[in-house]
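Q: Hi! I'm new to this one and would like a friendly walk through it. Could you show it to me first?

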Amino acid sequence: MAKLASYLTSRRHLGGLVLALLGAGLALADPVGPQGAWLIVGFYLLGAMATHEPAQSRFGFEPRRVHRRLSEKLAGVSGRVPPEVMVRLRRIELTIQSEILPRLEVLPPGSHELYLVERTASAYLPAALDAYLCLPPNYVSPLPGTEGRSALSVLVEELDVLDAGMRSVAASVHRADMTRLLVHKHFLNERFPHEQTGVLLADRRPE
């Protein structure tokens, strides 16, 4: 039943329905009797086979879409937010686009880090900026417990949280890459014993 429900909402089914409607229109325009039903079925199968489902990324999201959303959001607020906000936005963008997205494959599929990267770019960051831009410039909160807090100071704090979160994800990426490097060093030590090469790939600090 779940497979049937999934197929009924798939692109293949919708593509088949589009051509099936075309076949039904042709059958009505030029009645051919019972053969009209076969015409509709044939058009449905043709549409279903010609429609391809988009490939699902193993990360749970499309990295290029994350890259594009983030770039578009920052371009959209450029000139509308103070410099201290833009500096933080650029720092978050740089961390995601240069340190995380190119190395997503080192993070475990379905990991919390992958979820945070996608949500930061598509939801958390846009929501913070949109809420700030809805308020008048230099807005100060009159709410109990937050009197005197400016919208800008709250936004800056939110961006600092997101920045720290993305730097934490980047650190996980770097640790995974370092682990791979150390594993490879161990592999080389086993394949090329230092008795033969005269060189030992050991852990040592530069003098």
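This is a predicted model: local features need pLDDT of at least 70, side-chain atom pairs count only at pLDDT 80 or more; totals for chains, interfaces and linings use all residues.

Q: How far apart are the end C-alpha atoms of H4?
A: They are 22 Å apart. With 15 residues at 1.5 Å a residue, H4 should span 21 Å, which agrees.

Q: What follows H4?
A: Gly79 does, and its phi is positive, near 85°.

Q: Let's zoom out. How many helices and strands does the chain have?
A: There are eight helices and zero strands. Read from the N terminus, the order of elements is α-α-α-α-α-α-α-α.

Q: How much of the chain is buried?
A: Of the 207 residues in the chain, 30% are buried. The accessible surface comes to about 13900 Å², and carbon and sulfur atoms account for 63% of that.

Q: What share of the contacts joins residues 24 or more positions apart?
A: If you take the contacts in the chain with a separation of 6 or more, 67% are between residues 24 or more positions apart.

Q: Now salt bridges. How many are there in the whole structure?
A: A search turns up twelve. One of them pairs Lys73 with Asp130, with the closest N and O atoms 2.6 Å apart. Lys73 belongs to helix H4 (residues 63–77) and Asp130 to helix H6, so this pair ties together parts that are 57 residues apart in sequence.

Q: Is Asp130 buried, partly exposed or exposed?
A: Asp130 counts as partly exposed, because its relative accessibility is 36%.

Q: Which residue does Asp163 meet in a salt bridge?
A: Asp163 meets Arg91, at 3.0 Å from N to O. This pair also links distant parts of the chain, with Asp163 in helix H7 (residues 151–191) and Arg91 in helix H5, 72 residues apart.

Q: How do the accessibilities of those two look, starting with Asp163?
A: Asp163 is buried, with a relative accessible area of 3%. Arg91 counts as partly exposed, at 35%.

Q: Which residues are joined into a network by salt bridges that share partners?
A: Arg69, Glu118 and Arg119 are joined into one network that way. Glu118 sits in helix H6 (residues 112–133) and is buried, with a relative accessible area of 17%.

Q: What is Glu118 in contact with, leaving aside neighbours within four places in sequence?
A: Phe61, Val66 and Arg69.

Q: What about Glu93: where is it, and what touches it?
A: Glu93 lies in helix H5 (residues 83–100). Apart from neighbours within four places in sequence, Glu93 is in contact with Leu70, Ser71 and Leu74. Glu93 is buried too, at 13% relative accessible area.

Q: Back to H7. Which residues in it are buried?
A: Among them are Leu155, Leu159, Leu162, Asp163, Met166 and Val173. The cover over the buried residues of H7 includes H5 and H6.

Q: How far apart are the end C-alpha atoms of H7?
A: They are 60 Å apart, which agrees with the 60 Å that its 41 residues should span at 1.5 Å a residue.

Q: Where is Asn138, and what is its phi?
A: Asn138 is in the loop between H6 and H7. Its phi is near 60°, a positive value in a residue other than glycine. Asn138 is exposed, with a relative accessible area of 74%.

Q: Last one: which residues form a nonpolar patch on the surface?
A: Val41, Leu45 and Met49 do, with about 300 Å² of accessible area together. Leu45 is in helix H3 (residues 35–50) and counts as partly exposed at 45% relative accessibility.

Conventions:
Residues are numbered from 1 along each chain as its sequence is written. Side-chain values use heavy atoms; hydrogens and water are left out. Patches are made of residues with over 30% relative accessible area and no salt bridge: like charges are joined within 9 Å, nonpolar side chains (Val, Leu, Ile, Met, Phe, Trp, Tyr) within 5 Å. Accessible areas come from the Shrake-Rupley method with a 1.4 Å probe; for residues, only the protein chains shown count as cover. A salt bridge is a side-chain nitrogen of Lys or Arg within 4 Å of a carboxyl oxygen of Asp or Glu. Helices (H or I, at least four residues) and strands (E, at least two) are DSSP runs, numbered from the N terminus. Buried means under 20% relative accessible area, exposed over 50%, partly exposed in between (1.4 Å probe, protein chains only). Contact means heavy atoms within 4.5 Å. The expected span of a helix is 1.5 Å times one less than its number of residues.
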